[in-house]
Amino acid sequence: MNEKIRVLVAKPGLDGHDRGAKIVARALRDAGMEVVYTGLHQTADMIVETAIQEDVNVIGLSLLSGAHMTLFKDVTSLLKKKGLNDVLVIGGGIIPDEDVSNLKKAGVSGVFGPGTHCDDIVKFIRKNVKK
Amino acid sequence: MYDKKKMADIKKKKAEWNKDCYSKHIKKHSERKKIFNNLSSIEINSIYTPDDISHLDYNQNLGFPGIYPFLRGIHPTMYRGRLWTMRQFSGFGSAEETNKRYKYLLEHGETGLSVAFDYPTLYGYDTDHQLSRGEFGKCGVAISSLKDMEILFDGIPIDKVTTSMTINGPAAIVWAFYIANAKNRGISKQIIGGTIQNDILKEYIAQKSFIFPPEPSMRLIVDTFEYGFKEVPRWNTISISGYHIREAGSTAIQELAFTLGDGVEYVKWAIKRGLKIDDFAPRLSFFFNAHNDFFEEIAKYRAARRIWSQELKNLGAKKDRSMLMRFHTQTAGCTLTAQQPEINIARTTMQALSAVLGGTQSLHTNSMDEALALPSEKAARIALRTQQIIAEESGVTDTVDPLGGSYYIEWLTDKMVEETYKYFDKVEKFGGVIPAIEKGFFQREIAESAYKYQKELDKKERIMVGVNRYQMDEPIEIPILKMDEKGEERQINRLKKLREDRNNIKVERNLANLKRAAHGNKNLMPFILDCVHSYATLGETCDILREVFGEYKEPAIY
């Protein structure tokens, strides 16, 4: 694994809470990954398009509005439709426990809630990235 | 503040104490940390004495409550006269569900209302817009038209209770819904009271629910100022907010400096329009965060009042009412833990107490479950009860500014004033608040502080109980709010029916008039009111303004 892991940090939907996304973007960059941050207000189409263009290994979705069940799934199903099966998808935000297993079934491999140590995200990516 | 000879005696004694007592003591028993820094990275000394505040002049810098510079409070009697307004930020799902929650809270002793809107509403989209997908009612109530506003306040005495609405980009339109609803209920706009947040500058800086670019946004805001003091005199037409700046990760000093800087910017724009400062300034209000560092927060509120009165005086205000800063406070959502959620009650209590000791005019206390979901009924009730305990049991309301005169508090208050003016100078170098936003100054400052705070937590240099110390491995057992799954469908059907039933010729005409006015420079409030009275929706009205004003796109900085 000599090549740097490439990560897209994305903010789907209308949610403007970007503190977590920005912190994770910086932490991953400081851990030696290549990070692209989409900025706010991304549709699933925009996120998947950027993921393809930037040829990323990981997509990190951040949402604190509560719309994760709809918007995270929009991204994972579009990835499946486009055949991008080797992109690791992780997510974070205000996500109740009972939603986590559903999100995992839908292809969000790791879900990181409030209080997560940045290193745990780094470790998870290194362990699970497919490249 | 002290007699010179006495001061010399104190200094001498302090030097002796330092040499003979303190230094010897710490050689044997070292302190827990080499340096004690507060959340703004200000180094805190082991003790404060009159020596630390001898440069302050009591009458000039502290004074008395109810008179300039208002540092000790804006009313002569503060809570001895009247308690703060207990105003719980609340809203979820449909207007029907939220209306029920408001009645519940009022029944349990809440004394003011505060509306949380969902994301589509915050961005001026109707529930049936494609960008609203997945967001209906998720982090607030969906209000797409006057019809929804009627339902939201059905059976609530809006001639008696005041309402605060957290709405910014489309604030003028949502305010018009409220005014129109009152009118239809036969309640004069001279009587209704409340607040619209309407603070677009901090949207660009931190909260990010902006719609239009800065210039037209500022025009709309000044329109509401003007319409407000003339037509709706009991309404606060803006709530200049540091809360979201802090939640985005700033320090207390950045929150204070950026918020007050924004405040001065609004005043300048209104003066530039030709409004008289003593006409509109009395209706400007503020909104701060109550974070973890107890004394720093108290010092922040006190410093804010001193700076604001000074600045307003410098800008030409003559009336006391223009110079005194009234503010709402909310405890810090970002300090709540998803782990061991019940302990959030203790956090919130401390934070709420700091707001009260800082002299807040109204207060929201967070519910213990908010790092997991929107508050359940029980969690919201406990949060309200927390305020009632502070108000009725603790005794802190018996005197004005009880911490005034504490050497530490007075030193820290003055220090925060000083640091704020340093930030004012930095912003001035960018050419003002808006150029500084466009160059990403505030956004970078906040991102820096947020990252630093996270690193400190990761390294356990800062402790978050239950997160990086005293963790437990156990399932989280608190009930999570469930929303009515039919709410979205009902709302979409209501919109469809509304568009069929209303007089669409009238709607089109009113929207066309608004468009024409937006191209010119007349006050837009009367045109917006015509639109909403004819049941033009939020999305339709906003689209007209989007067409004329364009949309703001922010640079993505991290």
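**Salt bridges**

Reply: B:E231 is partly exposed, at 30% relative accessibility. (Buried means under 20% relative accessible area, exposed over 50%, partly exposed in between, with a 1.4 Å probe and protein chains only.) This is a predicted model: local features need pLDDT of at least 70, side-chain atom pairs count only at pLDDT 80 or more, and totals for chains, interfaces and linings use all residues, while side-chain values use heavy atoms, without hydrogens and water. Residues are numbered from 1 along each chain as its sequence is written, with chains lettered from A and ligands numbered from 1 in the order in which they are written.

B:E231 forms a salt bridge with B:K189, at 3.7 Å from N to O. (That term needs a side-chain nitrogen of Lys or Arg within 4 Å of a carboxyl oxygen of Asp or Glu.) B:E231 sits in helix 8, B:K189 in the loop between helix 6 and strand 4, so the pair ties together parts 42 residues apart in sequence. (Helices are DSSP runs of H or I, at least four residues; strands are runs of E, at least two; both are numbered from the N terminus.) B:K189 is partly exposed, at 29%.

Next come B:E410 and B:R302, with their closest N and O atoms 2.8 Å apart. They link helix 16 and helix 12, 108 residues apart. B:E410 is buried at 1%. B:R302 is buried at 0%.

B:E547 and B:K515 meet at 2.7 Å. They join helix 22 to helix 20, 32 residues apart in sequence. B:E547 is exposed at 52%; B:K515 is partly exposed at 30%.

Shared partners join B:E96, B:D148, B:D484, B:R490 and B:R494 into one network of salt bridges. Over all chains, the structure holds 44 salt bridges.
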